[in-house]
Each structure stands twice: as structure tokens, then as C-alpha cells.
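Me: Hi! I'm new to this one, could you walk me through it?

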Amino acid sequence: MWAKATLVVFISAFLSVCGSSVVSGEAKEVEALRAFTELLRNKIGKDATNAVEVLKGETFSQIVKLKEIVSHRASVKTSEATPVVQMHGMGDFANDPFGMVPLANAISEYLGGAYVLNVQIGDSNIEDSIKNYVGKATLLVFISAFLSAWGASVVSGEAKEAKALRTFTELLRNKVGKDASNAVEVLRGETFTQIVKLKEIGSHRASVKSSEATPVVQMHGMGDFANDPFGMVPLANAISEYLGGAYVLNVQIGDSNIQDIMNGFLMNLDDQVDYFANVVKSDVHLTKGFNAVGYSQGNLVIRGYIEKYNDPPVFNFISMHGPLAGVGSFPGCPVEKDFCRAFAELLGALAYKPFVQEHLAQANYFRDPLKIPDYLAGDRFLADINNEDSAQEPGVNTTYNSNWQSLHSVCLVKALGDTVVVPNDSEWFGFFEDGTFDAIWGFADTPWYKQDLFGLRTLNENKRVFFNVTEGNHLDFSTDYLLDLVGIYFV
């Protein structure tokens, strides 16, 4: 078994070196855009009537494939060609549309249509990327459970790419029209993230001048990353446009995209909060304060920042499906099932071990209702920001109360069909009653509310807590819905 120091050395070394050099998202996107521009010009020519069909008829990975290699094509029939298997390196993944997939397509075409397989290690793209790094047995129990459920539902790369392609097709049709002579200039004049942004929101645009708009800071959830061109970046663009050009910052935890993803799992939440605080403190656009939007686990980072720092201050806070009161079971497995309940108890037995608390963010907000004494003694984050551990400490941390009560508004959004945050009542600060999985505390029934342990009751009594719902599963909401909330609570 590795010692803590050894694991930290390995993780920090590999992430700092390989994370920045092996996976360079921006460079790949620029290369893909250049290749796509050239292919588009060749395929469409001067007649744009078939532009949409060209896009629909090609997969995203085929569109951005490497340059045509007709001149190099081997004279090998498909039936004769030996199949090829590719295995990606650390930090990459089998379905990478800017790397492994174009390489597979190029090899297959070169060999006259030979079968080429990219091996995926895991059940999802994020598992495939992360499993190259981790080997600690205790962590694997948690990571395998959380990644298989959270990773598949929160970060669905294929779904995002398909959605981006549909959006791109629609935008291209609107921008190019029937005359393709300006198609290349349209592509060159827009960044990749602008091309795939969500639908125009002119009907929702607020009459706010950029110089007057309060800046906005977004914190992504587990498995996502700040520069995600199919998620966080389009959302930032949409919010900025809605607010008349307001400054919107997506906070990245780490020095690269892969570090940002990995740190969502392997950096404890105290350290994530500290990192977030350093980022916003050093940003000259945020010196007077900002509004905040959190997604899933990112809401706990924002909440921790508000209570522990809040300098510069957060004025208004929108929590999209945040596990603000913790989770009591692993995603996608309801505790009504005996197996799920047994597995939740297993997680509770491991979650409060010091090593796990130090190195796994999800353990920091795992609140086992059957092991409350262990939770209070061993949890390093949630019990602290709830001020639940005050019985063992000198007393309630009054800074947490005063900072939380300084908020102008808190908008809590619950996903009614959420199978990821268990129970979903946590998104409204409710939770399982202590000692059972069979009863739920509502918002105003919890000890932290009744005793006003961190200022939630005071904030609510001052009519600054607001409740909203979405119908679907975790992080299933439209951009228009989010912008409606921005219009209500930020404008």
C-alpha cells in the first residue's frame, strides 16, 4: 500500500507534467477547427445547398479527422486487412474526438477500411481518463462507485458532442444561408466555443449595460471542467450576453483541463475552497464583489468560500442541484433497495478515515445517518461548515454565520427526478433524519436550521432564501431556465 506522501508525489507530478502536455484541449480545438474549415471548403464548394446534409451525414469525429490521405492509401482490401487495436496514453481517452478517434479513422482509411478498435478502460470517458492515475485500494472503492454513476450522468461526452453538432448545424445554416462564399470566414471569425454555444437568447436579454452589470463567477461540478466547450463555456457566454456583456469567470481548479477534472475528485474540499478563494481574490474584475452560480458539487465550493472567506463578497448565489446538506448514498442507487443501503453503510465505514478525507472530495460531504458520531468526529468539511462539530470545538464559528447572513439572496434549485444527489432534499438543505434512511428532514426541520448553526434560519426569516425546481434528473435544465433565474436574482 502506498504511503500518503508517495501518492501525493505521484499525483502532483503526473498531473502537472502530463496533464498540461498530453491533453491540450485548446490546441486540439484550434487544429480541429483548421482541419474542419479545409474539409468544409472542399466538401461544400460554392454551393451551400448541401451544407447541412454534409454535416448531418458525418459524425463529429469524422468532421474533425486528419487531412485526407488518399495519396497514401494502401492497396489493401478490407477483407484482407489485419484489424488494428489502439491504446491511448495517460490523460487521454478512447473516444477523444480530437485525438484517438481521428487517428483510428485515418488508420482505417489508409488500410482500405480495416477494423480499428480504440480500447476504453472503464464505462465512461471520464473513467477512461482517470483510471490511468489511481491505484490505492481504499480510493478505488469510492472512485469506482462515484465515477461509474456520477461520471456517466454528469459528464456525458457523447451526448454533449451530439448536442454541439446539432447546435452548430443550426447556427451554420443561419449564418451562411444559401451562399457559401463566406462560410470559411464565418468559421475563422468565431472561436470554437462560440461556434457551439447554445441557442441565441436575444428574447431574454436584460437591459443592463456591461459597465453596470455585477460580475458573475461559476463553479462547475465533479467531472466537469471550467473550459468545457460544450458546457461551462457556452453557459458563461449565455449569461454574459444576457447581462449585456457582463464579466463571467469560470473558476478552474488546477493548471490544466485534466487537473481541473481530477481535482474535482482527488483534492479535498477545504483545499478546493482555498484555491477558489485565491483565484477570485487575484482577479481585478471581482474586487468589488460578484454573483455566483454553482453546479452540483461546485455549490459546496461556493458555500465554503462564502462562509470561510467572502472577500471579495458574494451578493447573490444560485445553486443548481447542489448537494448542500451532503449525500447519504452513492448515485443512482436508492436506499430503498437493500443492496444500496448495504453499500451506503460500507461507504460510511470508509468515508471518515483520515486518508480518505484528505484525498477524496466526495467523502467530505458524505453524511451517513447511521454513523453520525463518526461523521462528526471524522468529516473535515461538511460538519465544519454546518457548524455541527461545534460540540467538539470551542464553539460555533460566528464568522460562518455572519458571512452567510450577508447574502442578498440564495436561490436553491432542486431536481425532482434527481438520482445522483441522494436524497435530493439536500438541494434544499434537507436530509435523512439522524439514525434512519426511512425519514427525511425538510428544509426547516434540520438541526442546522432550527439551531441556526450557520445563519440559514436568519437568512430565511429575512426572506432571502428562494426555492425552485426542475422536472428532470441531475443537471437536466435548459439555458433559458437558468437565464430566467439570473434575470430574477442577479438583475
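**A chat about the fold**

Reply: This is a predicted model. Both faces of strand 7 are covered: Ser 409, Cys 411, Val 413 and Ala 415 on one side are buried, and so are Val 410, Leu 412 and Lys 414 on the other.

Me: How many residues of strand 7 are buried, then?
Reply: Seven of its seven residues, across the run 409–415.

Me: What joins strand 6 to strand 7?
Reply: Five bridges, and the two strands run parallel. Strand 6 covers residues 314–320.

Me: What about strand 5 and strand 6?
Reply: Strand 5 (residues 290–295) pairs with strand 6 in the parallel sense over five bridges. Phe 290 has Val 314 of strand 6 as its bridge partner.

Me: Let's switch to helices. How do you describe two that pack together?
Reply: With the angle between their axes and the distance between the axes.

Me: OK, at what angle do helix 13 and helix 14 pack?
Reply: About 70 degrees, with their axes 9 Å apart; helix 13 is residues 269–281 and helix 14 is residues 298–308. That angle makes helix 13 roughly perpendicular to helix 14.

Me: Which residues make the contact?
Reply: From helix 13 they are Leu 269, Asp 270, Gln 272, Val 273, Phe 276, Ala 277 and Val 280. Helix 14 brings Leu 300, Val 301, Ile 302, Gly 304, Tyr 305 and Lys 308. By class, the contact of helix 13 with helix 14 has nine nonpolar, two polar and two charged residues.

Me: How do helix 14 and helix 19 cross?
Reply: At roughly 110 degrees, and their axes come within 7 Å; helix 19 is residues 398–405. Helix 14 and helix 19 are therefore roughly perpendicular to each other. Arg 303, Ile 306, Glu 307 and Lys 308 of helix 14 meet Thr 399, Tyr 400, Asn 403 and Trp 404 of helix 19. This contact of helix 14 with helix 19 divides into three nonpolar, two polar and three charged residues.

Me: New topic: which residues are buried in helix 5?
Reply: In helix 5 (residues 100–110), Met 100, Val 101, Pro 102, Ala 104, Ser 108 and Glu 109 are buried. Helix 5 is followed by Gly 112, which has a positive phi, near 70 degrees.

Me: Last one: what pLDDT does the chain average?
Reply: It averages 77, and 65% of the residues score at least 70. Over residues 134–170 the pLDDT is below 50, and that stretch has 79 contacts in the model beyond near neighbours in sequence. Residues 175–207 also have a pLDDT below 50, with 70 contacts beyond near neighbours in sequence.

Me: How should I read places where pLDDT is low?
Reply: The predicted coordinates there should not be read in detail.

Definitions and conventions. Residues numbered from 1 in each chain as written. Predicted model: local features only at pLDDT ≥ 70, side-chain atom pairs only at ≥ 80, totals over all residues. Heavy atoms only, no water. Buried < 20%, exposed > 50% of the residue type's maximum accessible area, 1.4 Å probe, protein only. Helix = DSSP H or I, 4+ residues; strand = E, 2+ residues; numbered from the N terminus. Pairing = 2+ DSSP bridges. Axes fitted to C-alpha atoms, helices over the stretch in contact; angles between N-to-C directions. Parallel < 35°, antiparallel > 145°, perpendicular 65-115°, else oblique. Contact = heavy atoms within 4.5 Å. Nonpolar A, V, L, I, M, F, W, Y, C, P; charged D, E, K, R; others polar. pLDDT = per-residue confidence, 0-100.
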